[in-house]
Amino acid sequence: MEKEESSTDPCSFTLLVSCPSGLSPAQVSVVFSDAYDRIPHSDVSLENTISEIWEQKSQNNNSLFNGKKFRYGGYVLDTGNGSDHEPHICLHLGLTDYRTFVGTNLSPLWERFLVPSEDDSVLCQYTSCPLGNGAVVETNDNKILVLQRSNNVGEFPGHFVFPGGHPEPQEIGTTTHQYLKELMESINIKVSQEMFDSIVREVVEEIGVPASSLNVPAFIGISRRNLNVRPTAFFFIKCSLDSKEVQKFYATAQDGYESTQLYAVPMIEVENMTSRMPGCHRGGFALYKLMVATRKIT
């Protein structure tokens, strides 16, 4: 894992896994199991703050919705070195929800939910840790797409981010672990496919470009914002449109209200924007740079 130091700096990050060659859907699998769900904290008073914080926030915001999310619980990476087969990653995912995310990761007490450990799954075992997603989208004229977040969004208003959101359990009808064991393999495949489908969906909704203009995403790794241990899976996507064409589509983007402006800039300019990126997205750019460096070597 590559680390930056501070856990309170909103721009600091940890690279949990890096796949600079870029993995195709065939190289990414998922084990979806309650073994990777959050463990309730043994401190009952701390555990009770989850409900207290949610009730308080719900009273102040009627639009809050307690949707299900996939919980990040670790991975197994086979680099493929020294053999003929390609690298492959197996992601370990459980279930969580937005309420628990607000009450653990986004809680003012979030650091009390952490367990001192070099093992990430142990460190975060009491936290919700929903797995977000983000995409470094490169246009046909080699510009990278960066959004400036609206001042009305809940997290990091006004900051620069890559398009993204979350893979959604409800999209594939997997909002519980109550299913027959015979279905486990097919559910794992559906969850893995949702990892790739969801990031395309997010780019289409936030940027406005048609899905047909986007190449199949390549998984490049997972970064974690050190502030409230927020994990995000990142993908590289090549777009067949040039930056001017993309700007025209952005004007009518379905989720355009989440951002105030779309920037299409060269890689060196994105570097200058990272000081105003949340750590998880700054880590996403670090993953992209590792991919670019690897491709130059090969």
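1. Let's begin with the aromatic rings: this predicted model holds nine aromatic pairs. One of them joins phenylalanine 196 and phenylalanine 235, whose ring centres are 5.3 Å apart; their planes meet at 75°, over the 60 degrees required, so the pair is edge-to-face. This pair links distant parts of the chain, since phenylalanine 196 belongs to helix 4 (residues 184–207) and phenylalanine 235 to strand 11 (residues 230–238), 39 residues apart.

2. Trp54, Tyr98 and Phe101 are linked into a cluster by ring pairs. Elsewhere, the face of phenylalanine 160 has arginine 276 lying over it, 5.1 Å from the ring centre.

3. Next, please look at strand 5 (residues 88–97), where nine of the 10 residues are buried, leaving the strand mostly covered. Which way do its partners run? Strand 3 (residues 28–32) runs parallel to strand 5 and is joined to it by five bridges; here phenylalanine 32 has leucine 93 as its bridge partner. Strand 4 (residues 68–78) is antiparallel to strand 5, with nine bridges between them, and lysine 69 is partnered with threonine 96.

4. A polar atom of its side chain lies 2.5 Å from the backbone oxygen of cysteine 280. Beyond its neighbours within four places in sequence, serine 223 is in contact with several residues, among them Thr14, Leu15 and Leu16, as well as Arg230, Phe234, Gly283 and Leu287.

5. Finally, a word on arginine 149, which lies in strand 7 (residues 144–149). How far is arginine 149 from histidine 159 in space? The C-alpha atoms of the two are 5.4 Å apart, while 10 residues separate them in sequence. Histidine 159 is also one of the contacts of arginine 149 when neighbours within four places in sequence are left aside; others include Glu155, Phe156, Val161, Glu258 and Thr260.

Technical notes:
Residues numbered from 1 in each chain as written. Predicted model: local features only at pLDDT ≥ 70, side-chain atom pairs only at ≥ 80, totals over all residues. Heavy atoms only, no water. Buried < 20%, exposed > 50% of the residue type's maximum accessible area, 1.4 Å probe, protein only. Helix = DSSP H or I, 4+ residues; strand = E, 2+ residues; numbered from the N terminus. Pairing = 2+ DSSP bridges. Contact = heavy atoms within 4.5 Å. Phe/Tyr/Trp six-rings, centres within 6.5 Å; stacked < 30°, edge-to-face > 60°. Lys NZ or Arg CZ within 6 Å of the ring centre and 35° of its normal. Polar contact = N/O pair within 3.5 Å; in protein donor to acceptor, adjacent residues only side chain to side chain.
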